[in-house]
Amino acid sequence: MRLSLPHPMCRRALRACACLFFFVLWPAVLHAELLPGETKADSAYNEHANELRVWMQRYSLMAQGLTDAPKVRIEVESVIHTAENTLTDAARRLTEATEKYQEKAQATHAEQAEKIALLQAQLNGYMMQTPPDEAGILRTEREIEAARQELDDKLAQYIGEYEERVYGAGNGIASMIHVMRGTEHDLQAAASLERMLVTAIDTYVAEWLGLTPEVQESLLGMAYRKALEAAQAAADAPYDSPATYQAALDALEQAREDLQDFVTAIDPLVTDKTAVCVRSLDGRTVFRHVTPDEALRRLPRGLYLFGGKKIYVR
């Protein structure tokens, strides 16, 4: 006996009922299945996002304590800003993943709903025959089961794609956490070095200004001045790394030590009544016959040769 499909009007009615079920009732019942909010990817994403917010709070507290290290503070605030952008970008990617999943899932539900509705109509027709068409019933039930399995497989595929996107968003957050965790110590060290560098510059500039012109114009004096200028340039430049501040401090300290060695190498002055000839470092005679006491009273501050001894007059 030939199977007669339902009248077109009946088919449209069946399709409308199926659409009502699949688009209104089924999504409401299977919402958790359409887009699980607690997949492993979602859990990992939320964990990373919460941890990054904790790190941002730590960096904010760090920045508040860096009023005396402005260059490092700018760098800390820049890291915080980057972390904020990372969270914003991750949230955008999560939203896109959700929307793509919902779009695909709903379209597949609609397609499979219509297919199953037609198969169900065929099944009803086979069952209403006298006697029922057992072969047709069995075949159609298998086709309906295959359609449902196809729906499940596609939804599983979409969920896998969704999780892959969410994992990607979460990995971006995890990378930012790694950066902040690894940079925290360097920034704290750099802040200490910036403070030390500024203090050293203030101290050594004052010391430089107290030197005599002869000492300032000596080779070691000029090296000291260049070290001061390099240290000031490092302090004024945007933050680079702790090594930059450390190198400027080391160079400044070394130049100062060299200059101190030069000054302390000057012979001590022994004041007595023996007349001496006093000359400047360039060999010009200042006094031909004068006692050291008299020379100390009359000479301006600087380096002189008292006989064969190098003497620093304060």
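**Helices, cores and confidence in a predicted chain**

V179 is placed in helix α5, helices being DSSP runs of H or I with at least four residues, and strands DSSP runs of E with at least two, numbered from the N terminus. The model is predicted, so local features need pLDDT of at least 70 and side-chain atom pairs count only at pLDDT 80 or more, while totals for chains, interfaces and linings use all residues. Residues are numbered from 1 along each chain as its sequence is written, and side-chain values use heavy atoms, with hydrogens and water left out.

V179 has a relative accessible area of 42% and is therefore partly exposed; buried stands for under 20% relative accessible area, exposed for over 50%, and partly exposed for values in between, with a 1.4 Å probe and protein chains only. Between V179 and V79, 100 residues apart in sequence, the C-alpha distance is 9.0 Å.

The chain contains 9 helices and 4 strands. Read from the N terminus, the order of the elements is α-α-α-α-α-α-α-α-β-β-α-β-β. Of the 314 residues in the chain, 35% are buried. The accessible surface is about 18400 Å², and carbon and sulfur atoms account for 56% of this area; areas come from the Shrake-Rupley method with a 1.4 Å probe, and for residues only the protein chains shown count as cover. Among contacts (heavy atoms within 4.5 Å) between residues at least 6 apart in sequence, 70% join residues at least 24 apart.

Confidence is expressed as pLDDT, the predictor's confidence in each residue on a scale from 0 to 100. The chain average is 82, and 81% of the residues score at least 70. The lowest confidence in the chain is in helix α1 (residues 8-29), with a mean of 44, and the highest is in helix α3 (residues 40-64), with 96. The pLDDT is below 50 over residues 1-16, a stretch with 13 contacts in the model beyond near neighbours in sequence. Residues 18-32 also stay under 50, and the model has 15 contacts for them beyond four places in sequence. Where pLDDT is low, predicted coordinates should not be read in detail.

Helix α3 has 25 residues and spans 37 Å from its first C-alpha to its last, close to the expected 36 Å; the expected span is 1.5 Å times one less than the number of residues. Buried residues of α3 include A41, D42, L52, W55, Y59 and M62. The packing partners of the buried α3 residues are α4 and α5.

The largest nonpolar core has 56 residues, and L52, Y59, V72, V76, M180, L197 and L252 touch the most other members. A nonpolar core is a set of buried Ala, Val, Leu, Ile, Met, Phe, Trp, Tyr and Cys residues joined through side-chain atoms within 4.5 Å. Helices α3, α4, α5, α7 (219-236) and α8 (242-264) each supply at least two residues of this core. The largest share, 20 residues, comes from α5. Leaving out residues up to four places away in sequence, Y59 touches V76, V79, I80, M180, T183, E184 and L187. Another core, of 10 residues, lies apart from the largest one and has V276, V290, L299 and V313 among its members. In soluble globular proteins, nonpolar side chains tend to be buried together.

A234 lies in α7 and is buried, because its relative accessible area is 13%. Beyond neighbours within four places in sequence, A234 is in contact with L197, T244, Y245 and A248. Q232 and A248, 16 residues apart along the chain, have a C-alpha separation of 8.6 Å.

Strand β1 (residues 276-280) is mostly covered, with 4 of its 5 residues buried. The pairing of β1 with strand β2 (residues 285-290) is antiparallel over 3 bridges; two strands pair if DSSP finds at least two bridges between them. In this pairing, V276 is opposite V290 of β2.

A cis peptide bond, with omega of about -10°, joins T130 and P131. P131 is in the loop between α4 (70-128) and α5 (134-209).
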